[in-house]
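Please open the model in your viewer and keep the selection tool at hand.

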Amino acid sequence: MKRMLALLLCLALACALFVGCSGNKKASGDTIRVGLICIGDENDQGYTYNFIRGKDAATKALKAKGINVEWIVKWNIGESSDCEDANIELAEAGCQLVINNSFGHEDYMLKVAPDYPDVQFVSCTNQQSWNDKLDNTHNAFASIYEARYLAGVVAGMKLQQMIDEGKIKANEAVIGYVGAYSFAEVISGFTSYYLGARSVCPSVTMKVQFTGSWSDAAAEATAADALCDAGCVLISQHADNSTPATTAQKKGAYFTSYNNDMTEVAPDACLVGCRIDWSIYFEEIIEAIAKGETIPQDWCKGLADGAVVLTPYNDALLAPGTKEKVEEAKAKIISGELKVFDTTTFTVGGKELTQAFALDTDGDFVPDSVEAVYDGCYNESTAQSAPYFALAIDGIEWLNSAF
């Protein structure tokens, strides 16, 4: 009889364990389950890869604090109903937090969020969730324009060196920029980059070619190729893949990257890159959830908090004095002495900027309802985390328009 009772107890325990492993939706009490929806995969060596770096670094930092994180990652989820399905699947899988990593994911996330009020939903780089009526939706971005300005300084130093050494004439200091869409996020980025370059190379100009896609490796390569053929001697990008880097190297142009250090794929072209360090945000919000605290409705941090950074320098290609010039600019940005969009440093239609289009309380773009121009500069990412600088400044030529 004792053997029979023991056998029955073992069978009952095995059954319980089987049910727990196969049917449990919730992470254990000391583990936070997080879903991450990615527009690409880590093999892009750019945008999605940068999110995975942030995920891994945050997981490690949180573990040191006694917080375990279980991630469920959805790869190659387009800006379509597939994203809606992915949000539902992650909520049903017991995720306490679901992060969407692409601009076009937000509309689909917002369809799902009301049905799961106990799940926190985040849309990165977006602008609808921060002021909606839902308590469980959030936006997050970082002041990447600060790091782009510094990358522009690196580019400008190289261009000025080429001028000083007689390799190009002053009017040949032309940057080509591969942009995804003519959205504020992209415009803000290439404008700050250009202003950084012009701060050390006064004759620089820029040409921008839009691809009409966040991630299209072939289109990005084609755009970079066309820009080089149009006389651009240095290429940069706001697009997801590494093909602009490899194209720049093939065409004999220099390059600065976004989201990742691309020196490995273009060692003879890539000077430096800039990226958002998403681990800063991930660590902050996951720790808050673990402690039962609320997370910010709208989050934005920059150089001062390490949320935006430069990638490692390619020392073999840098112009002399570049690192010192970058550190000088960085210190001034952090202290507030240097304003990236200082209105005395650029013009729009030949005139200094005195007012601008900005956001109203409903998130719509209207003139001056939330005045962005004050204290001598255009104040980016203060009304909301997502960029809203969408002005075409003098010195930058848009070769096409892709909305």
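A residue is called buried when its relative accessible area is under 20%, exposed when it is over 50%, and partly exposed in between, with a 1.4 Å probe and protein chains only. What you see is a predicted model, in which local features need pLDDT of at least 70 and side-chain atom pairs count only at pLDDT 80 or more, while totals for chains, interfaces and linings use all residues. Residues are numbered from 1 along each chain as its sequence is written, and side-chain values use heavy atoms, with hydrogens and water left out.

**The whole chain**

Colour by secondary structure, where helices (H or I, at least four residues) and strands (E, at least two) are DSSP runs numbered from the N terminus; the protein chain holds 10 helices and 17 strands. Of its 403 residues, 53% are buried. If a contact means heavy atoms within 4.5 Å, then among the contacts in the protein chain with a separation of 6 or more, 66% join residues 24 or more positions apart.

Next pick out Tyr47, Thr48, Asn50, Phe51, Ile52, Gly54, Lys55, Ala58 and Leu62, the buried residues of H2. Their cover includes strands E1 (31-37), E2 (68-74), E4 (120-124) and E10 (270-276), together with helix H9 (279-290). Just after H2, Gly66 has a positive phi of about 85 degrees.

Then move to helix H6 (residues 184-198), where 15 residues should span 21 Å and the end C-alpha atoms are 21 Å apart, in agreement. Because 14 of the 15 residues of H6 are buried, this helix is largely enclosed by the rest of the structure.

**The cavities**

Grid points are joined across faces, edges and corners, and a volume is the space filled by probe spheres set on the points. How many cavities of 30 Å³ or more does a search of the whole structure find? The search finds 2.

For the largest, of about 70 Å³, select Ile39, Tyr47, Ser102, Phe103, Thr125, Glu185, Trp214, His238, Asp240 and Tyr258. Domain 1 (30-142) and domain 2 (144-274 + 308-398) each give at least three residues to this lining, the domain bounds coming from an automatic or database domain assignment.

The second largest cavity, of about 40 Å³, is lined by Tyr47, Asn50, Thr125, Phe141, Glu185, Tyr258, Asn259, Ile276 and Trp278. Both domain 1 and domain 2 give residues to the lining of the second largest cavity, so this cavity lies between them.

Thr125, in the loop between E4 and strand E5 (137-142), has a positive phi near 70 degrees, and at 3% relative accessibility Thr125 counts as buried. Asn259, in the loop between strand E9 (254-258) and E10, has a positive phi of about 80 degrees although it is not a glycine, and Asn259 is likewise buried, at 2% relative accessibility.

The largest pocket has a volume of about 320 Å³. Of its 21 lining residues, Tyr145, Glu146, Ile333, Lys339 and Glu380 are the closest to its centre. Helix H5 (144-164), helix H10 (322-335) and strand E16 (377-378) each supply at least two residues of that lining.

For the second largest pocket, of about 160 Å³, select Tyr149, Val153, Ser199, Val200, Lys325, Glu328, Ala329, Lys332, Glu337 and Leu338. H10 provides the largest share of this lining, with 4 residues.

**Val326**

Finish at Val326 in helix H10, which at 1% relative accessibility counts as buried. Not counting residues up to four places away in sequence, Val326 touches Leu150, Val153, Val154, Leu310 and Tyr313. Val326 and Gly152 are 174 residues apart in sequence, yet 9.4 Å apart in space, C-alpha to C-alpha.

Methods. On a 1 Å grid over the protein atoms alone, a cavity is a set of points where a 1.4 Å probe fits but cannot get out, and a pocket is an open set with protein on both sides within 12 Å along at least five of seven lines; lining residues have an atom within 4 Å of a point. The expected span of a helix is 1.5 Å times one less than its number of residues.
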